[in-house]
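Please examine the following model and discuss its local geometry, its side-chain pairs and its overall dimensions.

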Amino acid sequence: MKIGVLVGEVRGAVTAEQFAGQVRAAADAGFATAWTAQALGWDALTALAMAGAQVPGIALGSSVVPVPARHPLVLASQALSVQAASGNRLTLGIGAGIAMMTRTMFGLSAERPVARMREYLSVLRPLLRGEHVSHRGEAFTVESAVHVPGAAPPPVLLAALGPAMLRLAGEHADGVVTWMTGPRTLAGHIVPTVTRAAHAAGRPSPRVIAGLIVCVTDDEEGVRRRIAGEFGLAGQVPEYRAVLDREGADGPEDVVIVGDEPAVVRRIRRLAEAGVTEFAASPYGDAREQERTLAVLAGLAGSAGHST
């Protein structure tokens, strides 16, 4: 299992210089991938293009870009621009978005997310390959192609937690990205569902990227209380509530990886046993806590290697 690390505002507010610095530090520490989420500040793909142009070597990934507000032509252009700027190191993680946010923030429909994503992928993948797409569907109209010299089509991963979206990820994407999903659910639900779908479609075994908050600390109980206070609302979102219930967890604080060095290493290794191909670690806490956490993660990354 590879070890990647989340960079950017998921770890706190950052300037452009600090974002690139986190990517550079991840590369120097031997992490497989620098992942970044699309939140309410930095645009994930713009930030990756900026950092990728400055920092060589390390793979880059979006985890994830919600697609409801981005037409496939726009996203294809953005993704291929990152590829050109970074020397083709991007893994494009996309998702249907949290339904409540899609409706309230953008005023867009969140109905039939699997059907919309299926149509989206049917258009996006050929656009990323530079093909002309002529499509008039239920959700999108496309009559164009995207050409960015030097840009190769990036692998596409799908944020998926439910059975139907997981099957779609296996059939039409290169794998899956999860967030706030524990080892029991990964081993018993996520990995087997997406893998069966990929094999049934004649596709290679999928990548499974598991994103979780991690903190190396001597105050496990205190850190879990802090996480419960900061992330507790996520446990009420239906999409995450479903996987927390599968895990038997009351809230996000029950699935994060928190403890001293041996405990954290042991819990991360459980993810590999569950079939995860890369752990996307989100270091948590103040600067000292994150430094201690990153030291442990870098040690694991060094022992795992970071071939891409």
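Q: In which loop does Asn88 lie?
A: This is a predicted model, in which local features need pLDDT of at least 70 and side-chain atom pairs count only at pLDDT 80 or more, while totals for chains, interfaces and linings use all residues. Residues are numbered from 1 along each chain as its sequence is written, and side-chain values use heavy atoms, with hydrogens and water left out. Helices (H or I, at least four residues) and strands (E, at least two) are DSSP runs, numbered from the N terminus. On that basis, Asn88 lies in the loop between α3 (72–86) and β5 (90–95).

Q: Is Asn88 buried, partly exposed or exposed?
A: Asn88 has a positive phi of about 65° although it is not a glycine. Buried means under 20% relative accessible area, exposed over 50%, and partly exposed in between (1.4 Å probe, protein chains only). At 33% relative accessibility, Asn88 is therefore partly exposed.

Q: What is the relative accessible area of Met180?
A: Met180, a residue other than glycine, likewise has a positive phi, near 65°. Its place is the loop between β9 (175–179) and α7 (183–200). Met180 is buried, and its relative accessible area is 5%.

Q: Which residue does a cis peptide bond join to Ser63?
A: The omega angle of this bond is about 0°.

Q: Why is the aromatic pair of Tyr120 and Phe140 classed as it is?
A: Rings of Phe, Tyr and Trp (its six-membered ring) pair if their centres lie within 6.5 Å; planes under 30 degrees apart count as stacked, over 60 as edge-to-face and the rest as tilted. The structure holds three aromatic pairs. In the pair of Tyr120 and Phe140 the centres are 5.2 Å apart and the planes stand at 80°, so the class is edge-to-face.

Q: How many residues apart are Tyr120 and Phe140?
A: Tyr120 is buried at a relative accessible area of 1%, and Phe140 is buried at 10%. Their pair links distant parts of the chain, with Tyr120 in helix α5 (residues 113–128) and Phe140 in the loop between β6 (133–136) and β7 (141–144). The two are 20 residues apart.

Q: With which residue does Arg112 form a salt bridge?
A: By the salt-bridge rule the count comes to 14. The closest N and O atoms of the Arg112 bridge are 2.6 Å apart. This pair links distant parts of the chain, from the loop between α4 (99–106) and α5 to the loop between β6 and β7, 26 residues apart. The partner is Glu138.

Q: What relative accessibility does Arg226 have?
A: The side chains of Glu289 and Arg226 meet in a salt bridge (2.9 Å, N to O). Glu289 belongs to helix α11 (residues 287–304) and Arg226 to helix α8 (residues 220–231), 63 residues apart. Glu289 is buried, with a relative accessible area of 14%, whereas Arg226 counts as partly exposed, at 34%.

Q: What radius of gyration does the chain have?
A: The secondary structure comes to eleven helices and twelve strands. The radius of gyration is taken over C-alpha atoms, and the globule rule is 2.2 Å times the number of residues to the power 0.38. The rule gives 19 Å for 308 residues, so the chain is as compact as a globular protein of that length, with a radius of gyration of 18 Å.

Key:
A salt bridge is a side-chain nitrogen of Lys or Arg within 4 Å of a carboxyl oxygen of Asp or Glu.
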